[in-house]
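I opened this entry to keep track of what I looked up, item by item. The sequence and structure come first, my notes after.

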Amino acid sequence: MKLDRGPITRLIDVTLIILIGFLAIADLSERTSLELPAGLEQLLDTLQLNQRRILLRSSADGSYQLSLVSATGLSRPLGVVQGGDTLKAFLGRLSAEQDLAGIDLEVEGDAMVQHAVDAVDACDLYEIPRDLRFLPVAGAVE
Amino acid sequence: MLRLIDIVLILLFGFISISHIDRSIAVELPQAEFMPRIAPDFENWAVVTVDEHGTWICGFDRTRISGVAELSQWMASEQRNGVTHVRLRVDRNRPSSEVALLQGVCEELDMALALEVILSRGERP
């Protein structure tokens with residue numbers, strides 16, 4: 001007597017298709033968290049922004065200088081953030097814990113383009129309003 | 001069997017016909033993950049490329065530029081041809097002063113400038 005394997009084969013096909021579908025939509029990425037340096041943690045604890053803007057200046061060594069912009073336009077230095085990953089972690093905490101109006105991004109002439117893009121990317125990640133300005137190099141004549 | 005081969009060939013030619021061959025110069029563009037995606041309008045754009053050695057190459061005909069004056073002249077001629085936007089493809093390791101330089105020329109000519117960035121898939125925390 002010949003066994004009808006048709007329905008079983010079809011069920012196996014459906015199972016495999018559903019399995020492949022779940023594999024396709026599965027999130028297999030690794031996540032980690034970045035601890036902020038002690039100085040930045042302290043800064044987050046003591047800072048009170050109250051709808052003010054932060055000035056973020058990208059330097060040649062990949063660091064970002066933080067300053068607080070007053071209503072009169074003067075800036076007060078707050079600290080330095082080293083590297084794009086630390087900057088992302090810091091801005092994440094800042095946007096979550098503080099009432100931040102926005103960030104003024106200034107890029108020094110000898111800072112790498114990638115560092116500037118990292119800063120913009122960090123602002124866009126947390127949907128922080130940002131203004132970007134590439135500082136002209138003083139005395140550059142060709 | 002022959003029908004399957006026909007289907008495969010039709011699909012292959014279809015993908016070839018809709019593919020876009022990139023004529024631009026190979027440059028390591030800056031990378032981002034979360035910036036908003038903006039599709040450029042290819043009709044009104046001029047492309048300026050700065051490679052890893054700092055060589056300025058303008059347009060798809062790869063005109064080499066050796067100074068700000070020559071760059072201004074080239075952009076002014078592009079503007080006369082109807083170009084209103086400039087797309088800058090700069091190597092990610094180049095200093096930002098080169099972006100500032102082009103930005104200055106664009107401001108003088110009242111042209112918009114955009115920096116081309118590669119978007120990689122990023123997940124919001």
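**Charged pairs in chain A**

I started with A:Arg57, which is partly exposed, with a relative accessible area of 28%. The model is predicted, and I read every value with that in mind. Next I looked for the salt-bridge partner of A:Arg57. I found A:Glu106, with the closest N and O atoms 3.3 Å apart. The two residues sit in distant parts of the chain: A:Arg57 is in strand 1 (residues 52–58) of chain A and A:Glu106 in strand 4 (residues 100–107), 49 residues apart. A:Glu106 counts as buried because its relative accessible area is 13%, under the 20% limit.

I then asked what else A:Glu106 pairs with. A:Arg133 forms a salt bridge with A:Glu106, and here the closest N and O atoms are 3.1 Å apart. This pair also links distant parts of the chain, with A:Arg133 in strand 5 (residues 130–134) of chain A, 27 residues from A:Glu106 in strand 4. A:Arg133 comes out as partly exposed, at 44% relative accessibility.

One more pair went into the notebook. A:Arg130 makes a salt bridge with A:Asp124, with N and O atoms 3.0 Å apart at the closest. I noted A:Arg130 as partly exposed, at 30% relative accessibility. A:Asp124 is buried, with a relative accessible area of 12%. I then traced shared partners. Salt bridges of that kind join A:Arg57, A:Glu106, A:Glu108 and A:Arg133 into one network.

**A:Ser63**

A:Arg57 came up again when I turned to A:Ser63. Leaving out residues up to four places away in sequence, A:Ser63 touches A:Arg57, A:Ser58, A:Val80, A:Val81, A:Gln82 and A:Gly83. A:Ser63 lies in strand 2 (residues 63–69) of chain A. Is A:Ser63 buried or exposed? I get 4% relative accessibility, so A:Ser63 counts as buried. I also looked at its side chain. A polar contact of 2.6 Å joins the side chains of A:Ser63 and A:Asp61.

**Chain A as a whole**

I stepped back to the fold of chain A. I listed 4 helices and 5 strands. Along the sequence they follow the pattern α-α-β-β-β-α-β-α-β. Chain A has 142 residues, and 38% of them count as buried. I also checked contact range in chain A. Among contacts between residues at least 6 apart in sequence, 63% join residues at least 24 apart.

**Nonpolar cores**

Which residues touch the most other members of the largest nonpolar core? I found B:Val48, B:Leu71, B:Met75 and B:Leu102, in a core of 28 residues. Among the elements that give this core two or more residues are helix 4 (113–125) of chain A and, from chain B, strand 2 (45–50) and helix 2 (68–80). Helix 3 of chain B gives the largest share, 6 residues.

Apart from neighbours within four places in sequence, B:Leu102 is in contact with B:Val48, B:Trp56, B:Leu71, B:Met75, B:Val86, B:Leu88 and B:Leu113. A second, separate core has 26 residues, including A:Leu36, A:Leu78, A:Ile103 and A:Leu105.

**Where the chains meet**

How much area do chain B and chain A bury between them? I noted about 1,900 Å², with 57% of it on carbon and sulfur atoms. Chain B puts 28 residues into the contact and chain A 26 residues. The salt-bridge count between the chains is 1. That pair is B:Glu33 and A:Lys88, at 3.5 Å, N to O. I also have 10 residue pairs in polar contact across the interface.

I then took the side of chain B that touches chain A. Strand 1 (31–32) and helix 3 of chain B are the elements that give two or more residues to this side. Helix 3 supplies the largest share, 5 residues. By type, the residues on this side divide into 15 nonpolar, 7 polar and 6 charged.

**B:Ile118**

My last entry is B:Ile118, in strand 7 (residues 118–119) of chain B. B:Ile118 counts as partly exposed, at 37% relative accessibility. Beyond four places in sequence, B:Ile118 is in contact with B:Leu29, B:Pro30, B:Gln31 and B:Ala32. I also took its C-alpha distance to B:Val90, which is 11 Å across 28 residues of sequence.

Definitions and conventions. Residues numbered from 1 in each chain as written. Chains lettered and ligands numbered in written order. Predicted model: local features only at pLDDT ≥ 70, side-chain atom pairs only at ≥ 80, totals over all residues. Heavy atoms only, no water. Buried < 20%, exposed > 50% of the residue type's maximum accessible area, 1.4 Å probe, protein only. Polar contact = N/O pair within 3.5 Å; in protein donor to acceptor, adjacent residues only side chain to side chain. Contact = heavy atoms within 4.5 Å. Core = buried A, V, L, I, M, F, W, Y, C linked by side-chain atoms within 4.5 Å. Buried area = accessible area lost by both parts, 1.4 Å probe. Salt bridge = Lys/Arg side-chain N within 4 Å of Asp/Glu carboxyl O. Nonpolar A, V, L, I, M, F, W, Y, C, P; charged D, E, K, R; others polar.
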